[in-house]
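My notes follow in the order I looked things up.

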Amino acid sequence: MSTYVIKRYHKDHYSIWNSFIDTAKNGTFLFKRDFMEYHSDRFQDFSLLVFDQDKLIGVFPANVKDTEVYSHLGLTYGGLILKKRIGGERVKNMVHQIIDFLRLHDITDLYVKSIPVFYHQQPSNEFLFFLSELGAKRCRRDLNLAIDYQRPFAIHKSKLKNYKKRAELGFEIREEDDFSVFWNQVLKPRLKEKHGTKPVHTIEEIHLLKHNFPKAIQQFVILLDNEVLAGITIFKTKEVVKSQYGAVTDKGETHRALDFLFISLIEKYKNEGYRFFDMGTVTDNNYGLLKQKEELGCEIYTQDFYRLSL
């Protein structure tokens, strides 16, 4: 069995880490250090780099809490990020040696949230397979709703009817670099009213991320008579567009403004050649939200979560 060198991330690894993410077969900008570290005050980093002699062949974005390591809790998905054409046997060896490294550091449990398959630039299922061979058990499964632009998809006829009907209202769709109006006037009030929660990102954090990744993060709002009725925050990877946030005002609901904006953006990114439009996960048996996303053309994928006791 090949022996690899495993190191914990240090700031000196910043450039080599980011360069590796750009070429990995399952990397996205969420794994760049400037994304992972915007909330470094909330998470104790335990990210790992795997070297074959002096060549980086894998990274594992992670944080630690007490004696438990998580594929980073501040990210939507995670796991072992791999170089292209690495081969299954080498990945198996990497997984075994990562587990040995964790045991040497007195880690008792490893938790992994998988990367949805449509974010893979090349199939990258080796890590979870070999982790399962070592005894990892699935502890959670979420529904993930997405449109595959390379397959026929259909938006529900009632949504299309309302879309065509409201096209005559004079909606204006605008992309904005300042997220403040949507955050403060739509998103935060809506989340507090409907769910008693707040956005994962503060307005300062989302502006910082926009500054760091200007092409990957976009904010769209829809207006009527110069009043913002709804908005959608977009995270873009190489082939996938994700609606990270979507919210609508009471007045916007009466005009079906959020549906209008979604349908407009679905068409926009289809024409730009993206492969998938990801509308995120559905949890807690929220069948109303599930139906809404299905009626916008989505099909069901899954995102699995694993726990390995060490």
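**Entry 1: K25.** I started with K25, which counts as buried because its relative accessibility is 5% (buried is under 20% relative accessible area, exposed over 50%, partly exposed in between, with a 1.4 Å probe and protein chains only). This is a predicted model, where local features need pLDDT of at least 70, side-chain atom pairs count only at pLDDT 80 or more, and totals for chains, interfaces and linings use all residues. Residues are numbered from 1 along each chain as its sequence is written, and side-chain values use heavy atoms, with hydrogens and water left out.

K25 sits in the loop between α1 and α2. Helices (H or I, at least four residues) and strands (E, at least two) are DSSP runs, numbered from the N terminus. What does the side chain of K25 reach? I found the backbone oxygen of P123, at 3.1 Å. Leaving out residues up to four places away in sequence, K25 also touches a list that includes L82, K83, H120 and E126; contact means heavy atoms within 4.5 Å.

**Entry 2: helix α1.** Next I checked α1, residues 14-23, where W17, N18, F20 and I21 are the buried residues. They lie on the same side of α1, because they cover an arc of only 160° around the axis (the arc is that of the directions from the helix axis to the C-beta atoms). An α-helix has 3.6 residues a turn, so residues three or four places apart point the same way. The buried residues of α1 pack against α2 (33-36), β3, β4 and β7.

**Entry 3: the sheet.** Then I traced an open sheet of four strands, antiparallel in its pairing, in the order β1-β3-β4-β7. Two strands pair if DSSP finds at least two bridges between them. β1 (5-8) and β7 (81-82) are the edge strands, each pairing on one side only. β4 (residues 55-60) pairs with β7 over two bridges, and V59 has I81 in β7 as its bridge partner.

Helix α3 (residues 88-104) packs on this sheet and touches β1, β3 (48-52), β4 and β7. The direction of α3 makes about 130° with that of β3; axes are lines fitted to C-alpha atoms, for helices over the stretch in contact, and angles run from 0 to 180 degrees between N-to-C directions.

**Entry 4: E295.** Beyond its neighbours within four places in sequence, I noted contacts from E295 to A154, I155, H156 and K159. E295 and A154 are 141 residues apart in sequence, yet 7.8 Å apart in space, C-alpha to C-alpha.

Note on methods. Polar contact = N/O pair within 3.5 Å; in protein donor to acceptor, adjacent residues only side chain to side chain.
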